[in-house]
Amino acid sequence: MKDKLNLGIAGNIGVGKTTLTEKLSQDLGFSAIYESVIDNPYLSDFYTNMSRWSFNLQIYFLYTRFEAQVRLLKSNDNFIQDRTIYEDKEIFAANLLELGHMSDRDFKTYCELFNAMLKFIKKPDLIIYLQANTDTLMSRIKNRKRDYESDISSEYIHSLNIYYDRWINKLPSEDVLIIKTDDFDIFNDTDFYDNIVNNIKSRIYGE
């Protein structure tokens, strides 16, 4: 078995990354890195005024993900990460630039910092991409009733989905496991979940 295996759970807002990260970490015996959401000092402001707070928010996410990954890489633990550091640049920052919510200057600075950080981390052994359509994501976002997400528009979620598909399609197929989640209930669809676990083990252990 490889040392210090690193799995990344990728996917749009509301797709179910945190729930799957928690369950897989328990069933695989991996440490978990969760996205900093509840204690994020910029998230609520960002959804109120994206142009003002986009750079601050992206820097915060980049720093917290980098710090957590470096910390676990120094340990002997295998770990699974709720959203990868690559999504910060390839999806969210790039989308904010295209939508006009991040300036060219801020995006350039952000990318330079991102590229410097990549020298100190290890890419995931496998990216598990959770895929869902915009309607499914909006329904899940609404149902979890987070105040700071109340202003998220379907247009924003749809634009992120486009960026996710572009990014995933650029990656080598052997590095990605794509899971369609529109009809997946992790708490009740046990056969589907067991198949996910078996696929992951096959990819990372060669079982």
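Visitor: Buried here means under 20% relative accessible area, exposed over 50%, and partly exposed in between, with a 1.4 Å probe and protein chains only. Are Tyr129 and Tyr164 buried or exposed?

Guide: Both Tyr129 and Tyr164 are buried. Please note that this is a predicted model, in which local features need pLDDT of at least 70 and side-chain atom pairs count only at pLDDT 80 or more, while totals for chains, interfaces and linings use all residues. Residues are numbered from 1 along each chain as its sequence is written, and side-chain values use heavy atoms, with hydrogens and water left out.

Visitor: How are the rings of Tyr129 and Tyr164 arranged?

Guide: Their centres lie 5.8 Å apart and their planes stand at 15 degrees, so the pair is stacked. Rings of Phe, Tyr and Trp (its six-membered ring) pair if their centres are within 6.5 Å; planes under 30 degrees apart count as stacked, over 60 as edge-to-face, and the rest as tilted. Tyr129 belongs to strand 4 and Tyr164 to helix 7, so the pair ties together parts that are 35 residues apart in sequence. Helices (H or I, at least four residues) and strands (E, at least two) are DSSP runs, numbered from the N terminus.

Visitor: How many aromatic pairs does that rule give?

Guide: The count comes to 9 aromatic pairs. In one of them, the ring centres of Phe92 and Tyr164 are 6.3 Å apart with planes at 85 degrees, so this pair is edge-to-face. Phe92 lies in helix 4 (residues 85-99) and Tyr164 in helix 7 (residues 154-170), so parts that are 72 residues apart in sequence are tied together. Both Phe92 and Tyr164 are buried.

Visitor: Which residues do ring pairs link into a cluster?

Guide: That cluster is made up of Tyr42, Trp53, Tyr60 and Phe61. Trp53 also has Arg52 over its face, at 3.8 Å from the ring centre. Here a charge sits over a ring if NZ of Lys or CZ of Arg is within 6 Å of the ring centre and within 35 degrees of the ring normal.

Visitor: Back to strand 4. How many of its residues are buried?

Guide: In strand 4 (residues 126-131), 6 of its 6 residues are buried. Leu126, Ile128 and Leu130 point one way, whereas Ile127, Tyr129 and Gln131 point the other way. In a regular strand the side chains alternate between the two faces of the sheet.

Visitor: And in which sense do strand 4 and strand 5 pair?

Guide: Strand 5 (residues 176-180) pairs with strand 4 in the parallel sense, over 5 bridges; two strands pair if DSSP finds at least two bridges between them. The partner of Tyr129 in strand 5 is Ile178. Strand 1 (residues 6-11) also runs parallel to strand 4, joined to it by 5 bridges, with Gly8 opposite Ile127.

Visitor: How many residues has the largest nonpolar core?

Guide: It has 67 residues, and those with the most contacts inside it are Ile13, Leu24, Tyr47, Ile128, Tyr156 and Ile200. Such a core is a set of buried Ala, Val, Leu, Ile, Met, Phe, Trp, Tyr and Cys residues joined through side-chain atoms within 4.5 Å. Helix 3 (residues 50-73) gives the most to this core, with 9 residues.

Visitor: New topic: what does Arg65 form with Glu35?

Guide: Arg65 and Glu35 form a salt bridge, with the closest N and O atoms 3.1 Å apart. The rule asks for a side-chain nitrogen of Lys or Arg within 4 Å of a carboxyl oxygen of Asp or Glu, and by it the count comes to 13 salt bridges. Arg65 has 4% relative accessibility and therefore counts as buried; at 15%, Glu35 counts as buried too.

Visitor: Which residue does Glu35 meet in the salt bridge at 2.9 Å, N to O?

Guide: That residue is Arg83. Glu35 lies in the loop between strand 2 and helix 2, and Arg83 in the loop between strand 3 and helix 4, 48 residues apart. Arg83 is buried, at 5% relative accessibility, and its phi is near 75 degrees, a positive value in a residue other than glycine. Most residues other than glycine have a negative phi.

Visitor: Where is Lys145 found?

Guide: Lys145 is in the loop between helix 6 (134-144) and helix 7. Its phi is near 55 degrees, also a positive value, and Lys145 is exposed, with a relative accessible area of 70%.
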